Amino acid sequence: MNDRLRYLFKQLGGNAPRLESDLPWLTGIFTVLFALFHFIHLASKRPLDENDQKFFAWVDTLQVIAHNPQASGLSCCYISGDGRCDNYGTARCKPSDDPNCPALSGGSETFNVDIYYNYASMQEGTIPVHRNCLEIFKKALAHEKGVSFSQMGSVDLDPDILFSAMRSERKSKGLRCLDLDYFELDEVKREQYIYFDVESSPFLFDPLHIEALEDYINVMPLSSPSRNTETAPSHSPSFRDPFINLPPEILTEILLTLSEDSFTALLAASPATCQVRLMPSFWRKRVEIHMSWSWEIIAHVALSEQSYNWEKIYYDLERFSKLDKTNEKDFLGFANRRRIYNVCRQLTPSYVQLDNEAQAAYPTGDSEEMLRTAKCQYFVSVSMPLVSAFNSTNTFMLHRWSDIAHEEKVLEIFWNSSGALAGIALTIRGVRSAVEGSAIGAGAATGLKTDTLVIQKGDWIDGFLFFMSAPEPKIIGVTVRTLRSPGTSFGSTNGAGLRLMSVDNGNVFVGLKAAATTDSISKLGILECFLPSSVDLPLSPPKVDAATRKMIWKNQLPPPSVRALPFHIGYNNCGDEATESGQIMDLLIFGESEAQLHTLTGIAVSADFLGFFAYHNDAEPSFIGLSKRNLKHFSIDGPGGERVVKLSLGVGSTPVGLKILTNRGRQGIFGMLRESDCLIHDYAASETTTANANEAIAGVYGSFEIIRGYSRFTAFGVLRAPSTSSEPLPLSIPTSPGAWDPTPPPPHWHAEGPVYGSSEHYALTYLDLTKPISKISGLLAAPEWYDIVELGGFVVTYVDGSTCYVGTPTDQWREVKDAESAPAVVKRHEGMSHGIGKADEGVVAHVTTAEARVQNRDTGPGACWDLGPNGACISTITVWAGKYLNGVQLHTVDGRTSPRWGKCGGRESTVITTDASSTQNPDVVAHSRVVRVKFYLDSHRDHHNASDARPMGLQALVTA
């Protein structure tokens, strides 16, 4: 260990440094550790000065090699600009000049990427590399290609080939680095905690810029005259050396190919081979072959007229690159360079092979023009679960523009033994082009089924409608769409989802981009070019836009006029369903045209936020989702001109809430739209951009699934369509009524007295005591063991047909057969944790379980308190409250009394009445001359435990 290294360790606290990382995904590909960017911030006696820091500054900068699924060209991969590690297995990078780099947003100068694996989408992430390591890879690649050492800096990297070569070495599941030999650090690549001690510390030093090496070049040992004469060695008689009878030329070749350890061992064991080492040319060749990481020395000698002592140089380099034998010079980083270079050499053969294959497949003629202009709008996984193969192939199936009009084309579709797409081939003029599994091309596939379609002269492929299986989508059927036919179907058309791959209007199909395994297509995209004026083709039929085509749709594709805006998945949606490649979207259309919007009469959402309905006049309601119970309805006067003009989507760990605003300033709030717990994304009906101006809200879409018995809402998005109304959309969206649902009270009403319960809320509503009520649904009672949050709330229906949702009641009690089975049946929020305690802890219930069953069942008085067609006004409300609202009971002007909602076993907290002269209990606070009651809606739980609101508190409203 040299003095400089010991000095640096001394400044770091007197001992060898210990680095721990509990983020195993931050492991880099070449230095094994990816996260050593703040090594100099370890506990030390003093900050390292500028001269010290130069040894470690290189680890502060990384780049990532990645595939960008949003890239539309044939090339999809990029090498980023400089970046740094970030939290939770991510990196923050600047863009490079590569057009495939992710777009920046929000004025940021960097973009965030996941390293090695994205746990949110369950897809692989980017591959990180230190900038200096990437430069060393270029040197190793140049050596592999036979580029002279003086020209090593001229090698350029193709990001797609580089990413494919690296990706081919990602074999071990869960490994947060490439599956390579990292030599001295190989044992720690699977460790969760990484330690650096005195023995391994040389691998923290800069491997590229080694000042001592520059000094050594100036004083490299020269050869003596006696060493310049290359004479063939003579052999001493030996009957024990098996190499004694080999010619010197063969011995030289054997020694040149041996690794360092084997080379040293053979020299020690064989007297015959010892004599070969006297030849200077041998030592020079050995340096060039096995120590090509010393490129500065080799390049210098090539330009020098001096004769050097190559044997001495060889052993010097060997000594400099060892861990603890650099005491002659400060060759810090040389051991790291040697190790990194040898790691790189494991990748260079794959890179060269892929590069050669790409060059051999380079098209000519019209296909060369297609290559320059072709684009692939999206390249997505079509076989789930995801597979590791990435080496994609661009196949131009059209070789001459004239083939469309003058040639017959034969299209073949291959299906493997499990019924999944295995390949697509097209034959024109006897020339076959295909994207297919490797076993198919080699003729080794078994159980293969082939479908054939003949495309006539003058007709051409417009796209493919693929039928996808579930729950792990795979292509099991296809409709081939041509410009002159509605389509021909093959395989199974009973798939759970549909994915359309077709060209944009004005473009023409020219080929396919695919990634294949042995017997299936794993990723697929179509290649399209701008249609040349010389090619006469029919117009392409109308279709949805490219972004909408990118997704898999359940049962039906959106209408051509509808476009899907980018969806939101939440930060906790793990699984293939939470990716654009795997999830199946279901659409709920409010209206794609003014005529259809004119028939929209309402929208409803289930209390668990897993079911969505759209109502159109007397037609059967449209539905998406998993749940059809416990609905909250929001009426819309479509025939009278009311339109949805804004949607707000709430997204936390999953989609959790929705707010609907109409052009009349009315709004409906669904789910748990608590701003402190989720991000809210607003979508207005009209945009200011010219391309999408005057658009109407056409609906919503989402993805739903059941995993291990749990229902999940995994994606949520908005649909828009061009407005066909003769009346222009409003220049400005009506002001949102804050948290009021559906509208705020008149401004001359004001709150009086305290809030009984809690004023926490994300929604507000009010009960109008001046309007006659026909019925109240959901006045349910909670026995002692039952959390009030499970009741949800109650719904007031006025005589005029309008409603007031004071939460959404549960219907679970309808399934209770007896009191003993109730606790197991009425869990409204399955899996609700009680770790944070009950909101009504210690509150006295007014009913037993048996009494609650009688009140809460379908035919019980609490399920529906019916006041008749003429109804009655509420005159008095008795309130039980503590930290939260615990219970209420309502009394009408004609003397009728409702069942008690909640837990009302203790002393009432207040009485709210419209009649100042009514007799009051002197021991209870009373509020008179009340006209409305304001309810605060929220839940003390998050959306995992209770996905909707319940009344948390109330307050009296009086007129001015």
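This is a predicted model: local features need pLDDT of at least 70, side-chain atom pairs count only at pLDDT 80 or more; totals for chains, interfaces and linings use all residues.
**Cores and salt bridges at a glance**

Glu260 pairs with Lys322 in a salt bridge, and the structure holds 32 salt bridges.

**The Glu260 pair**
- The closest N and O atoms of Glu260 and Lys322 are 2.9 Å apart.
- Glu260 sits in helix H8 (residues 260–269), while Lys322 sits in the loop between helix H12 (310–320) and helix H13 (334–344), so the pair ties together parts that are 62 residues apart in sequence.
- Lys322 is also partly exposed, with a relative accessible area of 29%.

**Other salt bridges**
- Arg666 and Glu642 form a salt bridge whose closest N and O atoms are 2.7 Å apart.
- Arg666 lies in the loop between strand E29 (655–662) and strand E30 (667–671), and Glu642 in the loop between strand E27 (631–635) and strand E28 (644–651), so this bridge ties together parts that are 24 residues apart in sequence.
- Both Arg666 and Glu642 are buried.

**Nonpolar cores**
- The largest nonpolar core has 78 residues, of which Leu162, Ile297 and Leu317 touch the most other members.
- Helix H3 (residues 131–145) gives the most to this core, with seven residues.
- Leaving aside residues up to four places away in sequence, Ile297 touches Leu213, Tyr216, Ile217, Met220, Ile313 and Leu317.
- Another core, of 50 residues, lies apart from the largest one and includes Trp415, Leu453, Ile455 and Met501.

Notes: Residues are numbered from 1 along each chain as its sequence is written. Side-chain values use heavy atoms; hydrogens and water are left out. A nonpolar core is a set of buried Ala, Val, Leu, Ile, Met, Phe, Trp, Tyr and Cys residues joined through side-chain atoms within 4.5 Å. Buried means under 20% relative accessible area, exposed over 50%, partly exposed in between (1.4 Å probe, protein chains only). Helices (H or I, at least four residues) and strands (E, at least two) are DSSP runs, numbered from the N terminus. Contact means heavy atoms within 4.5 Å. A salt bridge is a side-chain nitrogen of Lys or Arg within 4 Å of a carboxyl oxygen of Asp or Glu.
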